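Dear colleague,

My notes on it come after.

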Amino acid sequence: GLCIPKLSRSGFSRPLADSVCVAAGRSDVAMLQPSGGDAREVLVDAAAAPGAGAGRRDGQSQALQVQAVPWSPIDTGCGAGEMAELAAFEAAKASHNLGRSRAIDGVLVLANTLLGGSGMLGIPHAFASAGWLLGTLLLMMFGLLSAFGSHLLQCSARKIGHAPCSFYTAAEAVAPNWTWLIDGAVAIKCFGVATSYLLIVGDLAPPALQHFGWEGIRQGPWNGWGRDLERGSIFIVLWTVVLLVLFFFRPGELFEPCGQDPIPCEGANFAPVGGASAVTLIKAFPVFIFGFTCQQNVFSVCNEVRNTTRRRMDLVIVTAYSLAFICFAGAAFFGYATYGDKVDSNVLKHYPQNNVVHATRIHPARLSLLALVDFVRGFRCCGASGPRLENNSADSVAFVQGEAWSARRSGAAFVAATLALLGFSFLISLIVTDLGKILGVVGATGSTTVSYILPGLVYSQAHPESSLERKFALCQLALGCVIMPVCLTLVFIG
């Protein structure tokens, strides 16, 4: 049978008291049959489900309209069973006043998460380890694998039918014994990304501050560009790609990467396949994985976007990942083409000390500080019974409320967690000056867990029936279990 929350006659505007449970295949129930236009009806026998609908007791079937949800087998790419799951999920979202955003909003959220993190600055160095041809293929491969992980999660969200959904609620529903894995992944990712943000600030902010002075930084025309974390991060990423392109084509003296010398600068190597060893190449894999990590936000998009059919959500995911791939490939190729295999692990560090470059360096540093504040909040609240975390914008953290955990925690515990995160992150950022190493560790642990292990685990548990997609999900899970120990070992012993 199928249980769905009862809806008012106005559709999703007001949920009623409880649920209506109907048996699949009954003659007195017509599930998701066309009723003109794009709407569909859920017909419930009032005698079989007393109290259903608007309180009528005459035993006649009543139609509860699910408005503005254009479901059909052609539109969704799924059968009646999946359409019923979609109806239940949309009804659950409506009961929490969710599901009102457009698909383009979901694209922007995922694209912002992909492009707004610190991985953008580290990918050119990883790209140089592979060469421009092999590097492009690796970017494409890891982008496709990560997008498939996002696809698995959006399918699982509909199958589970819980709203609001999150990584933790999904795992709790299908694999409760593995919820500790989410807490661990969140803690590692928050800690590692906080350290990478401190490294970015240390690499980029002091030279810019020295060049412009404090008053120049504070009063510059760029001062308000990065205040909005979401829009500011995407703008800076796009401008950074344009900047690297300009330095490659050298349209004027302002964009000379190495004086009058030819590029690649300093006689560096620029080849289709890099000359790095196999160990060095494998060590670069986690940086690619880190750059394409946004799975933690797929559930947020499923919660907020209306009419989350399989095809609609896949279009959102493909669009966001395509935009990220174009930006990553552009920055990686032109950064590598300009400085060859000598490109720095933080690509902006290698460029000349002039007004344009320093103005560009200001904003990743500012955005990193803003995002660091959110990560501190997220790290100190992760715990087995606490509010769950989701990464919403530029690696920032939003809370998904669980039990009233924070009320049971003393202020001293929060202060201790905050000081621990900042203290250890600051200490590591002083000792380790290579951004690529930090991204490698975080990519091999937290990002691999979020992008490969958890999507495969959640999907395989939510869909126990045998299918080709489930086999691919298990392969994704197995791949993550191989990548994590191998890459982590090579990062440390290398």
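The notes below cover salt bridges, a helix pair, backbone features and a surface patch.

This is a predicted model, in which local features need pLDDT of at least 70 and side-chain atom pairs count only at pLDDT 80 or more, while totals for chains, interfaces and linings use all residues. Residues are numbered from 1 along each chain as its sequence is written, and side-chain values use heavy atoms, with hydrogens and water left out.

Salt bridges

A salt bridge is taken as a side-chain nitrogen of Lys or Arg within 4 Å of a carboxyl oxygen of Asp or Glu. The search of the whole structure returned 7 salt bridges. Among them is the pair Lys342 and Glu266, whose closest N and O atoms are 4.0 Å apart. Lys342 sits in the loop between helix H11 (310-339) and helix H12 (355-380), and Glu266 in the loop between helix H8 (229-249) and helix H9 (278-291), so this pair ties together parts that are 76 residues apart in sequence. Helices here are DSSP runs (H or I, at least four residues), numbered from the N terminus. For accessibility, buried means under 20% relative accessible area, exposed over 50%, and partly exposed in between (1.4 Å probe, protein chains only). On that scale Glu266 is exposed, at 55%, and Lys342 is partly exposed, at 41%.

Another of the salt bridges joins Glu256 and Arg250 at 2.8 Å, N to O; Arg250 is partly exposed, with a relative accessibility of 21%. Arg102 and Asp105 also meet through their side chains in a salt bridge, at 3.2 Å from N to O. Arg102 is partly exposed at 46% relative accessible area, and Asp105 is partly exposed at 25%.

Helix packing

H9 packs against helix H16 (residues 468-493) at an angle of about 120°, with the axes 9 Å apart. Axes are lines fitted to C-alpha atoms, for helices over the stretch in contact, and angles run from 0 to 180 degrees between N-to-C directions. H9 and H16 are therefore oblique to each other; angles under 35 degrees count as roughly parallel, over 145 as roughly antiparallel, 65 to 115 as roughly perpendicular and the rest as oblique.

Backbone features in loops

The peptide bond between Ile263 and Pro264 is cis, with omega about 0°, and Pro264 belongs to the loop between H8 and H9. A cis peptide bond also joins Ala163 and Pro164, with omega about -5°; Pro164 is placed in the loop between helix H5 (132-160) and helix H6 (167-174).

Asn97 is not a glycine, yet has a positive phi of about 60°. Asn97 lies in the loop between helix H2 (80-95) and helix H3 (103-115) and is partly exposed at 49% relative accessibility. Asn307 likewise has a positive phi, near 55°. Asn307 is found in the loop between helix H10 (298-304) and H11, and is buried, with a relative accessible area of 6%.

Surface patch

Phe424, Phe426, Leu427, Leu430 and Ile431 make up a nonpolar patch on the surface, with about 560 Å² of accessible area together. Patches consist of residues with over 30% relative accessible area and no salt bridge, nonpolar side chains (Val, Leu, Ile, Met, Phe, Trp, Tyr) being joined within 5 Å and like charges within 9 Å. Leu430 is part of helix H14 (residues 411-431) and counts as exposed, at 54% relative accessibility.

With kind regards

How values were computed
Accessible areas come from the Shrake-Rupley method with a 1.4 Å probe; for residues, only the protein chains shown count as cover. Helices (H or I, at least four residues) and strands (E, at least two) are DSSP runs, numbered from the N terminus.
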